[in-house]
Amino acid sequence: MHSFGYRLNGLLTFAVTILALMCAITSLSDNFNTPSPSAEIKIMNINWFQKQPQGHDEVSLTMNVSADLQSLFTWNTKQVFIFVAAEYETRKNSLNQVSLWDAIIPAKEHAKFWIHTSNKYRFVDQGNNLRGKKFNLTLHWHVMPKTGKMFADKIVLTGYSLPEEYR
Amino acid sequence: MYYAKHFRWDSSYSASSNLVYKLQRRRRRSKKLKHIGKRENMGWIGDTVDSIKSIQIRQLLTQVVSLGMIVTSALIIWKGLMCVTGSESPVVVVLSGSMEPGFKRGDILFLHMSKDPIRAGEIVVFNIDGREIPIVHRVIKVHERQDTGEVDVLTKGDNNYGDDRLLYAQGQQYLQRHHIMGRAVGFLPYVGWVTIVMTEKPIIKYILIGALGLLVITSKD
């Protein structure tokens, strides 16, 4: 009962249990944080708007994204993954979400930023329904913790629309 | 009592003879201790051999049954987790670096699958037909049908340059809901290294199971 093997076994079991408990409490402490983020996206320019050879519409645009996401960071946050998606409805699809740009914010200091960028990923529709389309731009964020439960939320900005004709 | 027997209370007691007697007793005790020490120096190998020789059938059966109970309860917990989370494998280990710096190789992810529609930004684990290892990537495009509610989903790893169309099967442009095993909802760092090491060097798995088996057989309780 007092051999080295039994003592090592007991010690290891206790250590693993305590570690698991600490991870759970760390994750629970994230619930006490009430975030209050803000964001603004302006579309500066529609660069071009074409119909691809396969029949799908494609848009290239330049936008200015400014956001303050500092309140999302807690001591248990490893990074925050943010992306801007265009959401719109078409005749065939009740919802289309196309991610235009994403970034990883590694620390609280970088969470207040503005960036002027063209879309990182191609804004391609499943069909050719984009002429004159009204769409929303949503800024999503995914908080990835050092350990535990992951949170996600978004801000929806409405009122954007695409031109009526190809250019 | 022992002392009184060998201590002469009569007048012929002399200090020197008592001292001689004490020295003789001490020499005998130290010889006995040296003999025991030699037995112990044979080590736990000797102990193991001894205890294997002295196994009784009933004791062995009791131990086998209790081992079976432990394995069965672990299986119950695993199947219960599968039911609660709605996913075929409620815990997965991250094998590649395509989601760095968020998920590194060796982290484990807790999955959950609900009837909620799949939306952009969620981290999903999916199987490609023809590939056996599930992939953990983020959804970047969603097209949901008006009538049936079915979705076409495109994924991409955070650390990859391009989307996953190269990984999909020949001619496949999107994933559908039946490809997806679950959404990642929680995460623990580093714990998955045990599984990675045991999978890549199976000899370690056999050594571990062999050692555990030996421990169970030779333990007295």
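Predicted model: local features only at pLDDT ≥ 70, side-chain atom pairs only at ≥ 80, totals over all residues.
## A walk through chain B

Leaving aside neighbours within four places in sequence, Thr155(B) is in contact with Val124(B), Phe126(B), His137(B), Arg138(B), Val139(B), Ile140(B), Asp163(B), Asp164(B), Tyr168(B) and Leu175(B). Is Thr155(B) buried or exposed? Its relative accessible area is 0%, so Thr155(B) counts as buried.

Two of the partners just listed deserve a second look. The side chain of Thr155(B) makes a polar contact with the side chain of Asp164(B) at 2.5 Å. A further polar contact, at 2.9 Å, joins the side chain of Thr155(B) to that of Tyr168(B).

Now let us step back to the whole chain. Chain B holds six helices and six strands. Read from the N terminus, the order of these elements is α-α-α-α-β-β-β-β-β-β-α-α. Of the 221 residues in chain B, 31% are buried. If you take the contacts in chain B between residues at least 6 apart in sequence, 54% of them join residues at least 24 apart.

Just after H4(B) comes Gly86(B), with a positive phi of about 70°.

Finally, turn to the place where chain B meets chain A. Here 29 residues of chain B are in contact with 34 residues of chain A. The size of an interface is often given as the accessible area lost when the parts come together. Between chain B and chain A the buried area is about 2,500 Å², with carbon and sulfur atoms giving 52% of it. On the chain B side, His143(B), Gln146(B) and Phe187(B) lose the most area to chain A, and together they account for 22% of what that side buries.

What kinds of polar pairing go with this? Between the two chains there are 21 residue pairs in polar contact, counting pairs with both residues at pLDDT 80 or more, while the count of salt bridges is zero. The elements giving two or more residues to the side of chain B that touches chain A are E4 (135–145), E5 and E6 (180–188), which are strands of chain B. E4(B) gives the most, with seven residues. By class, this side of chain B has twelve nonpolar, six polar and eleven charged residues.

Definitions and conventions: Residues numbered from 1 in each chain as written. Chains lettered and ligands numbered in written order. Heavy atoms only, no water. Buried < 20%, exposed > 50% of the residue type's maximum accessible area, 1.4 Å probe, protein only. Polar contact = N/O pair within 3.5 Å; in protein donor to acceptor, adjacent residues only side chain to side chain. Contact = heavy atoms within 4.5 Å. Helix = DSSP H or I, 4+ residues; strand = E, 2+ residues; numbered from the N terminus. Buried area = accessible area lost by both parts, 1.4 Å probe. Salt bridge = Lys/Arg side-chain N within 4 Å of Asp/Glu carboxyl O. Nonpolar A, V, L, I, M, F, W, Y, C, P; charged D, E, K, R; others polar.
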